[in-house]
Protein chains: 2
Amino acid sequence: MSEPLDNAAFDQLFRNARTYNEFQDRPLDDATLHQLYDLMKWGPTSANSSPARFVFVRSDEAKQKLKPALSEGNLDKTMKAPVTVIVAHDLAFYDELPRLFPHTDARSWFAGNETLIQTTAFRNGTLQGAYLILAARALGLDCGPMSGFDNAKVDEAFFAGTRIKSNFLINLGYGDPAKLYPRNERLSFEEACRIA
Amino acid sequence: MSEPLDNAAFDQLFRNARTYNEFQDRPLDDATLHQLYDLMKWGPTSANSSPARFVFVRSDEAKQKLKPALSEGNLDKTMKAPVTVIVAHDLAFYDELPRLFPHTDARSWFAGNETLIQTTAFRNGTLQGAYLILAARALGLDCGPMSGFDNAKVDEAFFAGTRIKSNFLINLGYGDPAKLYPRNERLSFEEACRIA
């Protein structure tokens, strides 16, 4: 049984965490990206399907490949971010199930059922994208997630010849708090929740 | 700038956190459910759209309403869980944007664009479901998320006459570690990630 984390952790993960548009000039090394994956990978997915695939776009060359897919409002901040993560999912994820979920024939639940494949990959790949955001915050990093871009262009530039499809993007680095916008409000418990 | 959380927090949120099938006989009171929402609500969504809606199914009567929608493998454990959260999303979420994202006319991006409405609600409602899982773990609670159920039956039983659609379920409580299955492996960094 676990005790609650402390208030400082609640603040870092949720209450004071913000979506950053600008980042400090401080690079992210390979070890930090490995540490990030090695935390987020433990988050739960349906039948341990783990469909998410991540491209950490860091080099100038890769940023230039990403550039034509970005919407105008997301262009400058993304080109300047230390890393932009392409959160994607592999529609062939079920081929890994004999290893990832070995106690039953889970592969057969999916093979040939394109609707279930698409829904499972999108839902669980998205969950894993959220795990990555929270793992980044746990590591003291900051995120700027976005869905304003041309998915087909990203898929062509980064995933041609595969069944991997882009989902959303996350700018990643150490945020610059001087460039934050005022925070928007959230729905109240009564507006978003019901106890039945 | 934040420092990384400590190893105990990494363990509680990710490394030692597990999907629980059975829970201790320990109820969750209203205050705990409010505390959970008041943490998770701060997680980022596209244009602060916050499409997720949550039903905390706790009473015997509400559990009985949920029962016919559950798949056989999820039936017993869900009926016995202290609370089962229906993670849903409101396809009318964009009507709240004048308040949630007031500095531009974000409502007009969505109204009439059914594909964008569906994709945005599903993606961001799923992100919020993941935030709820991580917020629960931060509070010392345990989760058992599931997508094996009949969404249409849940929608009819809980959301009739609305544009709210169920996404997935999360059993919630204080887990019983004696009833855990062995942990399945995850994909390696090299299998799931690429640094470009």
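Chain B and chain A bury about 7,100 Å² between them, with 63% of that area on carbon and sulfur atoms; buried area here is the accessible area (1.4 Å probe) that two parts lose on being put together, summed over both. On the side of chain B, the residues that lose the most area to chain A are Phe14(B), Trp42(B) and Arg186(B), which together account for 11% of what that side buries. The contact, defined by heavy atoms within 4.5 Å, takes 76 residues from chain B and 75 residues from chain A.

This is a predicted model, in which local features need pLDDT of at least 70 and side-chain atom pairs count only at pLDDT 80 or more, whereas totals for chains, interfaces and linings use all residues. Residues are numbered from 1 along each chain as its sequence is written, chains are lettered from A in the order in which they are written, and side-chain values use heavy atoms, with hydrogens and water left out.

Polar interactions also cross the interface. Between chain B and chain A, 38 residue pairs are in polar contact, both residues being at pLDDT 80 or more; such a contact is a pair of N or O atoms within 3.5 Å, where within protein one must be able to donate a hydrogen and the other to accept it, and residues adjacent in sequence count only if both atoms are side-chain atoms. Helix 7 (114-138) of chain B is among the elements that each supply at least two residues of the side touching chain A, helices being DSSP runs of H or I of at least four residues and strands runs of E of at least two, numbered from the N terminus. This helix 7 of chain B provides the largest share of that side, 12 residues.

Four salt bridges are counted between chain B and chain A, each a side-chain nitrogen of Lys or Arg within 4 Å of a carboxyl oxygen of Asp or Glu. Arg99(B) forms one with Glu185(A), the closest N and O atoms being 3.3 Å apart. Arg99(A) forms a salt bridge with Glu191(B), with the closest N and O atoms 2.5 Å apart. Because Arg99(A) lies in helix 5 (residues 97-100) of chain A and Glu191(B) in helix 9 of chain B, this pair joins two chains.
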